[in-house]
Amino acid sequence: MRKSLRVIVVAAALALLLVLGSGIGSAKVTIDFWTLFTGPDGRVMGELVERFNEEHPDIEVVMQILPWGEPYYSRLATSVVSGEAPHVAICHDYMIPRFASTNAVLPINESMLEVLELGEDMFYDAVWNNSGSYEGVRYGIPLDFHGFGVYYNVDLLHEAGLSSEPDALPVTGDEFVAALMKMTKDLDGDGTIDRWGIIAPLDWFRAWSLWAGVWQNGGDFLSEDKTRSTWNTDIGRKALQFQVDLIHKHKVMSPELSVNPFLAYYQGQAATMISGVWEVLGAEAAEGLNYTVGNHPLIGPEKVYAIGSHTFVLPVQAKRDAEKERAALTFIKWILDNNLDWVKAGQCPSRLDVLEVDEFRNAPYLLPQRTIAEQGAYGRYLPKIIPWSRVQERIVSGIEAALLGKKTVEQTLADMDREIDAILARGR
Amino acid sequence: MARNNRRKYFLLNEENPLYPYLYLLPYLTLFIIFIALPILESMRISMYDWSLIGPPPRYVGLSNYEYIFTEPTELFLHSLKNTVQYAVGAVPLFVVGSLFLAIAVDAVKRWKGFFQISFVMPMVINVAAISIIWIWIFDPTTGLLNYYAGLIGLPPQNLLGHEETAMWTIVAVSFWWGVGFPFLVYLSGLQDIPQTMYDAARIDGANAWHCFKDITLPLLRPTLLFISVMQIIGAFQVFGQVYILTGGGPYDSTRVVVQHMYLTGFQYFEMGLAAAMAWVLFCILIVFTLIQFRVFRFGERLEY
């Protein structure tokens, strides 16, 4: 009898503790954070989140990594529809129109910016104003920006009698082609090239180079009101011809397209590759590779680079919760205050003050970030249209047909215009 | 008497005619909730303009069906054509190739287990893993295949990078990966044929070809039907390995219908169009399946 009484007392005490305990716990605000960083960058973000949680006893950020690309964005969309959206999420700049136009993410208003303590003067103009906005309203806060550069094999540069000094690397398209011609070699003298000046880049990298080429020549590939595709112009033809010529005229780019071109560069079968700033992690890990990075060549008179950003967005909740929103903003601010740590994951900083930090200015492992960060001041974002991914897919496919000689440059661009016009007309 | 009959339904034992359905109930419930209802729902979605987020679905009748056949990029028709190309390569290869493999392995006396495991093993590997392995093997500059081709003096190949070879290469990789299932089914089918029939035929002077044509093939008919139906359905639903091996390239020449459907739904956010495509695919598969049932005269008994 007494024993069972004791059991009851203990149980009651435990229950009371539990209730009190959960009461104490509820002072902590828990927010969900979705990212699409599936590579080593996910580990870096995970460490940042951990540090944030340690420094903020009142906030618990729960990070979830989802595969990027289609599954990520469709799951983000469904989570909003079902009222179970994360409180903060990463969103590429080109996906902002999709989510903004459907009211799936919150506009970031003045009072939120006050909490963030962030302002225009702290960022590159283009990054701050164009990465996260849609039709004049801000929806995203830029975490970073990324652009493309040329990864050079230093040993092969030297072998061809070229300098690997940052100032001596090619700047214009002509200089670039000249350097590639010097590095393209038939090593065993059998009449076929066995070391390419440049490995054919991954399919969508080629597309980025293509529209950068159009912008550098002072043109654009969509009409001003974004209702018509304008690829088939002198400027468009010039940009595509530049890529085709690398293979068919100058014979400096491998004519065989691969879905995994990086290995050929890492193993020295190609002297250069064009890739994003994030490739720094692969280049650092490549054994025996002595690399340096130059900026993406400018194939026209205008100094413009094609850039993109990861932005923070606040997905719409089933019920708005001021406390959680504030916690989310606190988290975004903290991550941006530690922008340099994120930059190490292979991105360029969105904040200008990072440029002044000694580590960023000098660390050898941040060379690509440092080089490509120059693009921030000359950066241009993709057009903010809802069906962007569908448009990009047509561009990627078109370039492939042209490079493989399946279609002429003119035919390729005419087909691209026809297809993209139809997509723009449908508008979603 | 009638009353007596009705009372049967209230019995709490095996006499109750509803008794077997009790066992079917758990499966049926899940089937209805997770398969049947979503299928019906997808038919409804196919008649709506719906982008997952944003404005509520809008009824558009059959115009989604019209759009996928008439839109200027013609990607649905194009990917259907590519899928047919895959099926033309893959279905005969799977149906006939795995049959011969099964007959050969059935006939070997030694190392039988080794061969069985070898052909079945790739099947258990995840499609993404096998695709990435084959990408490495086929890579035009760093791949193993070109390394060995070079050793015997062959020029380097880029099998996945050209329209002429990409789809057939995908067929070959798919066969390597997927041969295990039809192989196993055939093998068990072969082992069901009594040895006495072959012995009797031999005594009557039949050679190996006669035995195959007049005993093995006819008795394997149900298995053949099963395998060919499964393979046609599988071929029209091919997706994973294509998506990873080529991403549908070069220039959409290996874009298959399920990939197009997937992109339409989850990248273009056009759920209505994607659902319409699914129903078109369904109708195609039903027609093929019915034809096959005719060809193999399903249900007709065969006795020796």
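This is a predicted model: local features need pLDDT of at least 70, side-chain atom pairs count only at pLDDT 80 or more; totals for chains, interfaces and linings use all residues.

Q: OK, how many residues of chain A are in contact with chain B?
A: There are 36 from chain A, and they touch 35 residues of chain B.

Q: And how much area do chain A and chain B bury between them?
A: About 3,200 Å², with 56% of it on carbon and sulfur atoms.

Q: How many salt bridges are found across the interface of chain A and chain B?
A: The rule finds six. For an example of a salt bridge, look at Arg390(A) and Glu270(B), whose side chains come to 3.2 Å, N to O.

Q: Which elements give two or more residues to chain A's side?
A: Five helices of chain A do that: H3 (70–81), H4 (96–101), H11 (262–266), H17 (388–403) and H18 (409–426). By class, chain A's side of the contact has 15 nonpolar, nine polar and 12 charged residues.

Q: Switching topic: how many cavities of 30 Å³ or more are there?
A: The count comes to four. The largest cavity holds about 210 Å³ of space. It is lined by 18 residues, and the closest to its centre are Leu257(A), Ser258(A), Val259(A), Leu160(B) and Gly161(B). Helix H9 (203–216) of chain A and helix H6 (127–138) of chain B each give two or more residues to that lining.

Q: What's the volume of the second largest cavity?
A: About 140 Å³. Of its 17 lining residues, Ser209(A), Phe242(A), Gln243(A), Leu246(A) and Ile274(A) are closest to the centre. The largest share of that lining, five residues, comes from H9(A). Sorted by class, the lining of this second largest cavity has 11 nonpolar, five polar and one charged.

Q: What about the second largest pocket, which residues lie nearest its centre?
A: Those are Ile193(A), Asp194(A), Pro140(B), Thr141(B) and Pro156(B), out of 25 lining residues. The space in this pocket is about 680 Å³.

Q: Which helix gives the largest share of that pocket's lining?
A: That's helix H7 (residues 144–151) of chain B, with four residues. The whole lining of the second largest pocket divides into eight nonpolar, 12 polar and five charged residues.

Methods: Residues are numbered from 1 along each chain as its sequence is written. Chains are lettered from A and ligands numbered from 1 in the order in which they are written. Side-chain values use heavy atoms; hydrogens and water are left out. On a 1 Å grid over the protein atoms alone, a cavity is a set of points where a 1.4 Å probe fits but cannot get out, and a pocket is an open set with protein on both sides within 12 Å along at least five of seven lines; lining residues have an atom within 4 Å of a point. Grid points are joined across faces, edges and corners, and a volume is the space filled by probe spheres set on the points. Ala, Val, Leu, Ile, Met, Phe, Trp, Tyr, Cys and Pro count as nonpolar, Asp, Glu, Lys and Arg as charged, and the others, Gly among them, as polar. Contact means heavy atoms within 4.5 Å. Buried area is the accessible area (1.4 Å probe) that two parts lose on being put together, summed over both. A salt bridge is a side-chain nitrogen of Lys or Arg within 4 Å of a carboxyl oxygen of Asp or Glu.
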